[in-house]
Amino acid sequence: MELTYYGQSCFKVMLNGKHILFDPFITQNPLAKNIDIDSIEADYIFVSHGHSDHIADCVSIAKRTGAQVVAAYEVATWLGQQGVENVFGMNTGGSWKFDFGTVKCVVAHHSSCLPDGSYGGNPIGFVVMSTDRNFYYAGDTALTLDMQLIPHWTNLNFSVLPIGNVYTMDVADAIHASEFVKSPVVVGVHYDTFDYIKIDKEKAVADFKAAEKILLLPGVGETITL
Ligand code: NI
Ligand code: MN
């Protein structure tokens, strides 16, 4: 399965023929200035919470592509008010069978409000289960014991975890998270975009290796196969 990274926590996977985009934040990200946002295809857009660095380009991409946007109920309702026609609101603990696979919404310990200050409900993570691959995108979250539930639902092929600290887990906690979810392969996100979350990438990869895990840090615009 191919995964393309667009900076911060934005990435896209191709799953059973569908383009599935997560947390679009590109035009306001200086590290993603070489990304042509109009070239990004999307059948679905999943949004973990309402903070700008996860939703800034959601409305424009959704309107251009007609993608269905899946988010917490409050975020989905707000997107509908911005003119996004195809929205689907979910909430923590709920799952839904889409045409590419089943997605379960899981706990993320963080906060959520929309860019205009509207209430964003609870932030969520997504467990994606399909005939091709199973993976967990944590969204923005602290390390939480709730992650230990995920292996009861599925065997993950990989996880996408925040590693930048300050607003989310740091590298050490992400290593614990990968143990909790029983997924030794991790794609690291939510780092380097802002001064506060700049990390030592070589050390991060080495720390994962020392824990007998693999940290993948694709460059912005890079596509990797998982
Ligand atoms: Ni956030
Ligand atoms: Mn964030």
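This is a predicted model: local features need pLDDT of at least 70, side-chain atom pairs count only at pLDDT 80 or more; totals for chains, interfaces and linings use all residues.
Buried, in what follows, means under 20% relative accessible area, exposed means over 50%, and partly exposed is anything in between, using a 1.4 Å probe on protein chains only. Residues are numbered from 1 along each chain as its sequence is written, chains are lettered from A and ligands numbered from 1 in the order in which they are written, and side-chain values use heavy atoms, with hydrogens and water left out.

Let's start with the metals. Donors here are N, O and S atoms within 2.8 Å of the metal (3.2 Å for Na, K and Ca), and sites may look incomplete because water is not among the atoms. The nickel ion (ligand 1) has His49 (NE2), His51 (ND1), His110 (NE2) and Asp140 (OD) as its protein donors, 2.2 to 2.4 Å away. Along the sequence these residues follow the spacing H-x1-H-x58-H-x29-D. His51 sits in the loop between β4 (44-47) and α1 (52-55), and His110 in the loop between β8 (102-107) and β9, so this pair links parts that are 59 residues apart in sequence. His51 is buried at 17% relative accessible area, whereas His110 is partly exposed at 26%. Helices (H or I, at least four residues) and strands (E, at least two) are DSSP runs, numbered from the N terminus.

The manganese ion (ligand 2) takes Asp53 (OD), His54 (NE2), Asp140 (OD) and His190 (NE2) as protein donors, at 2.1 to 2.2 Å. Asp140 lies in the loop between β10 and α4 (150-153), and His190 in the loop between β12 (185-189) and α6 (201-210), so the two tie together parts 50 residues apart in sequence. Asp140 also bridges the manganese ion (ligand 2) and the nickel ion (ligand 1), which lie 3.1 Å apart.

Now for the sheets, where two strands pair if DSSP finds at least two bridges between them. One open sheet has 7 strands in the order β7-β8-β9-β10-β11-β12-β13, with mixed pairing. Its edges are β7 (95-97) and β13 (214-216), each with a single partner strand, so one side of each is left without a neighbour in the sheet. Within it, β9 and β10 (residues 134-137) run antiparallel and are joined by 4 bridges, with Val127 opposite Tyr136 in β10.

Another open sheet of 7 strands, also of mixed pairing, is ordered β6-β5-β4-β3-β2-β1-β14. At its edges, β6 (87-90) and β14 (223-225) each pair on one side only. Strand β2 (residues 11-15) runs antiparallel to β3, with 5 bridges between them, and Lys12 has Leu21 in β3 as its bridge partner.

Helix α2 (residues 58-65) has Cys58, Val59, Ile61 and Ala62 as its buried residues. Contact means heavy atoms within 4.5 Å, and the buried residues of α2 pack against β3 (18-22), β4, α1, β5 (68-72) and α3 (73-81). Just after α2, Gly66 adopts a positive phi of about 75 degrees.

Finally, consider the nonpolar core, a set of buried Ala, Val, Leu, Ile, Met, Phe, Trp, Tyr and Cys residues joined through side-chain atoms within 4.5 Å. The largest one holds 75 residues, of which Phe22, Ile45, Phe46 and Tyr136 touch the most other members. Strand β9 (residues 124-129) contributes the most to this core, giving 5 residues.
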